[in-house]
Amino acid sequence: MSNSADKNKQTEPKGDRSMISESHDDQTASRFLRFDRVELAGAFGDLGTLLPIVVAMIFINQLSPSAVFLGFGLFYVLVGYYYRLPIPVQPLKAVGAIAIAYPAIITESVIGAGTVVFGAFLLVVSVTGVMDKIARLFSQAVVRGIQLTLGLIFLKKGIELIIHQDIFMSGAPGGIAGVPVNFLIGIVVFCLVLLLLDNRKFPAALVALAVGVGSGLAFGGLSQLTFSFGPTDIHFLTPSLHDFWIALTMLILPQIPLTIGNACVGTAETCTSLFAGNAQLPKAKAGRFAFTMGIINLPFGFFGVVPMCHGTGGLAAHYRFGARTGGAPIMIGIFFIVIALVLGQLGFSLLAIIPQSVLGVLLVFAGLELCPLLRSLKTNEEYFVALLIAGIALTIPNMAWAFGVGILTDLFLKKMKVKI
């Protein structure tokens with residue numbers, strides 16, 4: 001390389017805050033598995049989405065920490081190796097919310113049955129090609145509406161976690177009486193992330209997590225630690241027909257529209273926005289995402305693993321904090337496998353003492369990365385559909401209604417050639 005080229009390379013900005021544009025170096029590097037501290041920081045970028053739901057389900061629904069984290073770990077390693085992109089692995093949000101709200105009904109066996117049903121459904125629609133046909137109903141306006149909705153939900157949930165009065169997700173006491181410790185930690189971490197957002201020497205997500213664990217220990221986290229190593233109990237489940245019925249009606253049916261819109265179609269479209277020209281992009285299709293979710297969830301359900309999916313928000317979170325290749329999923333996957341099989345209860349306790357506000361900050365920045373994707377829309381009609389979806393979804397808890405209304409409105413506007 002010439003001296004002038006070296007000079008130009010040295011003066012390049014270290015980061016690009018736009019999700020749409022990616023540097024030539026990143027495009028080239030993203031064709032391979034990269035393992036460095038920036039990729040590692042990106043690997044932990046989605047903990048704000050994953051940990052609150054997973055930790056709550058382990059505490060409330062009495063799931064095995066080792067079974068849950070082993071499932072996430074193996075799935076992350078699989079998608080990192082196969083897609084060679086920072087594809088996320090997340091718990092199903094609708095399933096998590098319902099399970100946490102009704103623990104007397106949604107038992108470990110019902111959750112396992114739900115994971116099996118979810119996996120079987122996705123395998124069928126992917127192998128038969130139905131998923132790719134469904135994906136054609138989701139125009140860019142509909143997809144951007146889904147992404148905007150999730151971005152705003154992440155912002156809202158992140159701020160709720162930052163201002164929450166409890167430091168720890170378990171609700172255990174900690175901090176100083178009368179002092180909003182969780183909020184103050186959140187403010188400090190928010191400022192740190194802003195300062196280090198594109199810093200490759202001290203990646204923002206790693207610094208945030210280090211501060212989180214340190215502050216958790218300083219404000220009472222030691223009292224929650226269980227010093228036991230090795231895997232917690234992992235056992236084979238045999239759900240009854242009643243368990244499968246409860247799982248289908250209460251957990252999976254409300255989740256399916258969100259999975260199709262976000263985990264399959266939305267994730268594929270976001271990959272197209274982020275990694276245009278990447279050699280691995282042809283794999284990142286809605287049908288492929290349905291297949292990988294199905295092939296993992298179906299067998300893992302018999303071991304009480306939380307049902308898992310991909311997701312637009314998780315992809316934005318990984319990308320925002322530096323992930324550009326499949327190295328990030330592989331590293332976080334190995335981390336979860338070590339938590340599951342080596343650290344066991346101690347590893348779970350260490351994750352549980354990360355203050356809620358730290359996870360909230362990660363969620364806020366993931367949300368801020370998703371919302372600007374709306375700018376790619378060109379016409380008033382497209383903006384109308386996207387904003388309509390977001391408005392309905394933020395009002396009605398079941399996002400399926402928002403997706404359905406958005407798709408029908410989009411088809412109506414095109415069919416009737418309506419101009420706004």
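**Close-up 1. Lining of the second largest cavity in the predicted model, by residue class.** The lining divides into 7 nonpolar residues, no polar and 1 charged (Ala, Val, Leu, Ile, Met, Phe, Trp, Tyr, Cys and Pro count as nonpolar, Asp, Glu, Lys and Arg as charged, and the others, Gly among them, as polar). Ala43, Phe44, Asp46, Leu47, Leu50, Tyr76, Ile332 and Phe336 form this lining, to which helix 4 (47-60) and helix 15 (327-343) are the elements that give two or more residues. The volume of the second largest cavity is about 30 Å³. A cavity is a set of points on a 1 Å grid over the protein atoms alone where a 1.4 Å probe fits but cannot get out, and lining residues have an atom within 4 Å of a point.

**Close-up 2. The largest cavity.** This cavity holds about 40 Å³ of space, and its lining consists of Pro91, Leu92, Lys93, Gln255, Leu258, Thr259, Asn262, Ala263 and Cys309. Helix 12 gives the most to that lining, with 5 residues.

**Close-up 3. Contact of helix 9 with helix 12.** Helix 9 (residues 140-163) and helix 12 (residues 241-274) pack at an angle of about 100 degrees, their axes lying 10 Å apart, and are therefore roughly perpendicular to each other (65 to 115 degrees). Val143, Arg144, Ile146, Gln147 and Leu150 in helix 9 meet residues of helix 12 including Gly261, Asn262 and Val265, where contact means heavy atoms within 4.5 Å.

**Notes.** Residues are numbered from 1 along each chain as its sequence is written. In this predicted model local features need pLDDT of at least 70, side-chain atom pairs count only at pLDDT 80 or more, and totals for chains, interfaces and linings use all residues, while side-chain values use heavy atoms, with hydrogens and water left out.

Notes:
Axes fitted to C-alpha atoms, helices over the stretch in contact; angles between N-to-C directions. Helix = DSSP H or I, 4+ residues; strand = E, 2+ residues; numbered from the N terminus. Parallel < 35°, antiparallel > 145°, perpendicular 65-115°, else oblique. 1 Å grid on protein atoms, 1.4 Å probe; cavity = no way out; pocket = protein on both sides within 12 Å on 5 of 7 lines; lining within 4 Å. Points joined across faces, edges and corners; volume = space filled by probe spheres on them.
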